[in-house]
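Here is a short briefing on one protein model. Please look at the sequence and the structure first, then read the points below.

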Amino acid sequence: MIPPIHHDHGIVTLDADYLRPGLAAIHLVIQDGHAAIVDTGTNQSVPMVLAELRGLGIPREAVDYVIVTHVHLDHAGAAGALLQNCPNARLVVHPKGTRHMIDPAKLVAGSIAVYGHENFLALYGEIVPVPAERAIEAEDGHQIDFRGRTLTFLDTPGHARHHFCIHDALSNSLFTGDSFGLSYREFDVAGKPFVFPTTTPVQFEPEALHATVDRLVATGARAAFLTHYSRIEGLAGIAPALHEMIDEFVDLTRAAPGEDQARHDWLKDRMESTLLGRLRAHGCTLEDSVCMELLANDVELNTQGLLVWRDRG
Ligand SMILES: [Zn+2]
């Protein structure tokens, strides 16, 4: 597990230790002795989150909000459990995600279909439903006054239709979930991040994702906190590569020959070489095998998501 990273303006990155250290983050926003939690990790992370809050002198009663950028389980899997532990917290969720938080049965079934029952339980445990009266649905433009600190919610489809991003006025930064790509700190070269898009199943929509990337840049935010993983700067400079890669992935998917496993393997192979080529151009000197290990999970999920998109027509 990577130790907590303390940023300016009371923002803290915690490592959810999901799949590997440094893959998935949980962010705390601390204001006047109160906390908002942005993305929750899985149930396995709950004791760590509560311990970190305690260490920061924040009692469970002073957690005001549990905010989920979208309802994929690496982001929202612990929302119900955190609400059980934090009696005054409200859940903030995209209107298209609310019903899945209140009744997670469909979300769980979808995930079991991908991972199998045993893996699902090992990864996520029992998903705790969120009481409907504790959920706040944040439409596009919704604002929350968090102890004098304005949080603005932006509808950001493309990765998933139930995805929003949060703009924090105090730090002029964004919590982007999976909307502004993924960026593992292992790929940093001279402090510069390598950022690539995620096209995870089942709601990847390239047009919407292009528009979302532009909209996030247009906020003028100084930095983005990515769930995978932590803080990056220079959004306007990063966006062109994200756009290019979205188009490249889409072109490859359209060109993918064959069917079923053969088509999947072809696309996965091309995505690996595309990302490796870009990592080399970025100046990354890690060995191929190390890069591929760090990217393996995303290459697989991206491939699946792109093929789901293509088959939807
Ligand atoms: Zn994610």
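**Briefing: a metal site and some ring contacts**

Phenylalanine 204 is buried, with a relative accessible area of 1%; buried means under 20% relative accessible area, exposed over 50% and partly exposed in between, with a 1.4 Å probe and protein chains only. The model is predicted, so local features need pLDDT of at least 70 and side-chain atom pairs count only at pLDDT 80 or more, while totals for chains, interfaces and linings use all residues. Residues are numbered from 1 along each chain as its sequence is written, and side-chain values use heavy atoms, with hydrogens and water left out.

**Aromatic rings**

- Rings of Phe, Tyr and Trp (its six-membered ring) pair if their centres lie within 6.5 Å; planes under 30 degrees apart count as stacked, over 60 as edge-to-face and the rest as tilted.
- By this rule there are 11 aromatic pairs.
- Phenylalanine 204 and tryptophan 309 form an edge-to-face pair, because their ring planes stand at 70°, with the centres 6.2 Å apart.
- Tryptophan 309 is also buried, at 15% relative accessibility.
- Tyr18, Tyr115, Phe120 and Tyr124 are linked by ring pairs into a cluster.

**Zinc site**

- Asp74 (OD), His75 (NE2), Asp178 (OD) and His228 (NE2) coordinate the zinc ion at 2.0 to 2.5 Å; donors are N, O and S atoms within 2.8 Å of the metal (3.2 Å for Na, K and Ca), and water is not among the atoms, so sites may look incomplete.
- Histidine 75 is buried at 0% relative accessibility, and aspartate 178 is buried at 5%.
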